[in-house]
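Subject: Structure handover

Hello,

Here is the structure for your files. My notes on it come after the entry.

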Amino acid sequence: MNTTRSLGTIARHALRLPRNVLASLWALAALTSAAPTLHAANWPAQNVRIVVPYPPGGLTDVVTRIIAEGLQRTSGKTVLVENKPGAAGQIGLQAVIQAPRDGHTLALVVPATMVTLPLTNPNYKIRPLQDFEPITAGVDTFLTLVTSPASGVRSIQDLRAFAQKSPDRMMYGTPGVGSSYHLNTVAMLNQLKLDALHVPYKGESEVLNQLAGGHLSFSLVSSAARSLIEGGKLVALATAADTRPAVFAQLPTFREQGIDFKTDGWVGYAVAQGTPAALADQVNAGMVRAINDPAVRDKLSGMGFIVVGNSRAAFTLSIRDGTAKYEALIRSGAVKLK
């Protein structure tokens, strides 16, 4: 409906119409004029698709499905989680880049796809902040410094003593060269002023098995190690979080022990770059509302995550800061990528 033309028609015929009819027409014209604004403010206006660029069942998939349930509950719209794995996340992310810029197709993004891979993999074609508009971080994750019980190390002070006594046994594992685990471990060792041999594996499960078997002296690990820690098969020394996570309430952080170190893991969401800013703000508001849904918060906290739900600006800044930090670490030569 052409609102301007309609208003002109009403004006030309206003003197000929009964007062009650004229009032109704003005009300209709005002409602029609406001309709686009009302529609834009009520995101989502249709069903939502969240693309997870990894196989189902993983950490990021589970987190996304919990948040999707919250979004479906708070918005009243169907929210579909679609797994599109492959090419280190690029297949799924490209699908979002090619989708309409209407705010109803979101990408699951993590530090690997938005920070480390663009710095370490020359074949990675995603340009994080050129291709995507960050919306919000759903949760923060954290890594925990653990040792093998066989090492006899029970504290960070013990680890330093172990390094002096047995430098040839200072070995740590990660899920791969150039991974966030690798980069974070190098940053931690710099803070501790220690040296150690990096042993890369194909995944974290292999790292945990090697640690439990006494073949590695220490490693930074995710919450996947929680059962091994609670079962006494690994010894936890510190969490690399801002504050003590609820699941490790008795374990001090690095900063509590005078070491300026934390990891910056997160699970976040983005839309394709080119989505109008006002619409991206509405997507942010809807996603933050879903993340803060009490049922969502309880589930995610119970799994050991730190629930976030922040602004677009804050999430974008964390991506920029992480990129700058790791880029400096790589340029320093401390991280060996080959």
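This is a predicted model: local features need pLDDT of at least 70, side-chain atom pairs count only at pLDDT 80 or more; totals for chains, interfaces and linings use all residues.

Residues are numbered from 1 along each chain as its sequence is written, and side-chain values use heavy atoms, with hydrogens and water left out.

Pockets

The search ran on a 1 Å grid over the protein atoms alone; a pocket is an open set of points where a 1.4 Å probe fits, with protein on both sides within 12 Å along at least five of seven lines, and lining residues have an atom within 4 Å of a point. Grid points are joined across faces, edges and corners, and a volume is the space filled by probe spheres set on the points.

The largest pocket has a volume of about 990 Å³. It is lined by 38 residues, and Leu 59, Thr 60, Val 110, Ser 180 and Tyr 181 are the closest to its centre. Two or more lining residues each come from helix 3 (59–75), helix 5 (111–120), helix 8 (180–192), helix 9 (204–212) and strand 10 (265–272). Helices (H or I, at least four residues) and strands (E, at least two) are DSSP runs, numbered from the N terminus. Helix 5 supplies the largest share of this lining, 4 residues. By class the lining of the largest pocket splits into 21 nonpolar, 15 polar and 2 charged residues; here Ala, Val, Leu, Ile, Met, Phe, Trp, Tyr, Cys and Pro count as nonpolar, Asp, Glu, Lys and Arg as charged, and the others, Gly among them, as polar.

The second largest pocket holds about 610 Å³ of space. Of its 31 lining residues, Arg 255, Lys 262, Thr 263, Asp 264 and Lys 325 lie nearest the centre. Strand 4 (132–141), helix 8, strand 10 and helix 13 (312–331) each give two or more residues to this lining, and helix 13 gives the most, with 8. The classes in the lining of the second largest pocket are 13 nonpolar, 10 polar and 8 charged.

Helix pair

The axes of helix 3 and helix 12 (residues 294–302) come within 9 Å and cross at roughly 170°. Helix 3 is therefore roughly antiparallel to helix 12 (angles over 145 degrees count as such; axes are lines fitted to C-alpha atoms over the stretch in contact, and angles run from 0 to 180 degrees between N-to-C directions). On the helix 3 side, Val 63, Ile 66, Ile 67, Glu 69, Gly 70 and Arg 73 meet Ala 295, Val 296, Lys 299 and Leu 300 of helix 12, where contact means heavy atoms within 4.5 Å.

Backbone points

Trp 43 and Pro 44 are joined by a cis peptide bond, with omega about -5°. Pro 44 sits in the loop between helix 2 (19–41) and strand 1 (48–52).

Lys 193 is not a glycine, yet has a positive phi of about 60°. Lys 193 is in the loop between helix 8 and strand 7 (197–200) and is exposed, at 73% relative accessible area (exposed means over 50%, buried under 20%, partly exposed in between, with a 1.4 Å probe and protein chains only).

Asn 284

Asn 284 belongs to helix 11 (residues 277–291) and is buried, with a relative accessible area of 13%. Leaving aside residues up to four places away in sequence, Asn 284 touches Ile 135, Thr 136, Asn 310, Ser 311 and Arg 312.

Regards

Note on methods. Angles under 35 degrees count as roughly parallel, over 145 as roughly antiparallel, 65 to 115 as roughly perpendicular and the rest as oblique.
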